[in-house]
Amino acid sequence: MAQTCCILGLSIFGYRTARLLHRMGATVLVVDREERIIQQISEDVTRAICADVRDRDVMGALHLTQCDVAVLGLRNHF
């Protein structure tokens, strides 16, 4: 598996999915607004960014169109 995956929001589902995809060999970018969660997962993924995925300007700056797969793992604010 040589895909680039983007996980937007690290709910329990998003967190576990990111770690699993990385273990399977994917390049994994995660984005969440909670710094504590970003610090926890940072060693288990390719890149971890602390940002609010609900902010259009932030999302535009991340150039997510280069990802093969995107997963929404938003907790409460979908």
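A salt bridge here is a side-chain nitrogen of Lys or Arg within 4 Å of a carboxyl oxygen of Asp or Glu. I start with that cut-off and go through the charged pairs before anything else.

**Ground rules**

I am working on a predicted model, where local features need pLDDT of at least 70, side-chain atom pairs count only at pLDDT 80 or more, and totals for chains, interfaces and linings use all residues. Residues are numbered from 1 along each chain as its sequence is written, and side-chain values use heavy atoms, with hydrogens and water left out.

**Salt bridges**

I get three salt bridges in the structure. R36 pairs with E34, with 3.5 Å between the closest N and O atoms. E34 is partly exposed at 29% relative accessible area; buried means under 20%, exposed over 50%, and partly exposed in between, with a 1.4 Å probe and protein chains only.

R54 pairs with D52, the closest N and O atoms being 3.0 Å apart. Both ends are partly exposed: R54 has 42% relative accessibility and D52 has 26%.

Then there is D44 with R19, at 3.2 Å between the closest N and O atoms. Where do D44 and R19 sit in the chain? D44 is in the loop between α2 (35–41) and β3, R19 is in helix α1, and the two are 25 residues apart, so I note that the pair links distant parts of the chain. Helices (H or I, at least four residues) and strands (E, at least two) are DSSP runs, numbered from the N terminus. D44 counts as partly exposed at 27%, and R19 does too at 31%.

**Sheet and helix**

I traced an open sheet of four strands, ordered β3-β2-β1-β4, with parallel pairing. Two strands pair if DSSP finds at least two bridges between them. β3 (47–50) and β4 (69–72) are the edge strands, each pairing on one side only. Neighbouring strands are turned by 15° against each other on average, direction ignored. Axes are lines fitted to C-alpha atoms, for helices over the stretch in contact, and angles run from 0 to 180 degrees between N-to-C directions.

I also checked β2 (residues 27–32), which runs parallel to β3 and is joined to β3 by four bridges. In that pairing, V30 stands opposite A48 in β3. Helix α1 (residues 12–23) packs on the sheet and touches β1 (4–8), β2 and β4, where contact means heavy atoms within 4.5 Å. The direction of α1 makes about 165° with that of β1.

**Cysteines**

How many disulfides does the structure hold? I count zero, taking a disulfide as a pair of cysteine sulfur atoms within 2.5 Å. C5 is buried at 2% relative accessibility. C50 is in no disulfide either, with the nearest cysteine sulfur, that of C6, 14 Å away. C50 is partly exposed at 41%.

I flagged H63 for a positive phi of about 55°, although it is not a glycine. H63 lies in the loop between α3 and β4 and is exposed at 52% relative accessible area.

**Confidence**

pLDDT is the predictor's confidence in each residue, from 0 to 100. The chain mean is 90, and 94% of its residues reach 70 or more. Confidence is lowest in helix α3 (residues 56–61), with a mean of 87, and highest in α2, with 97.
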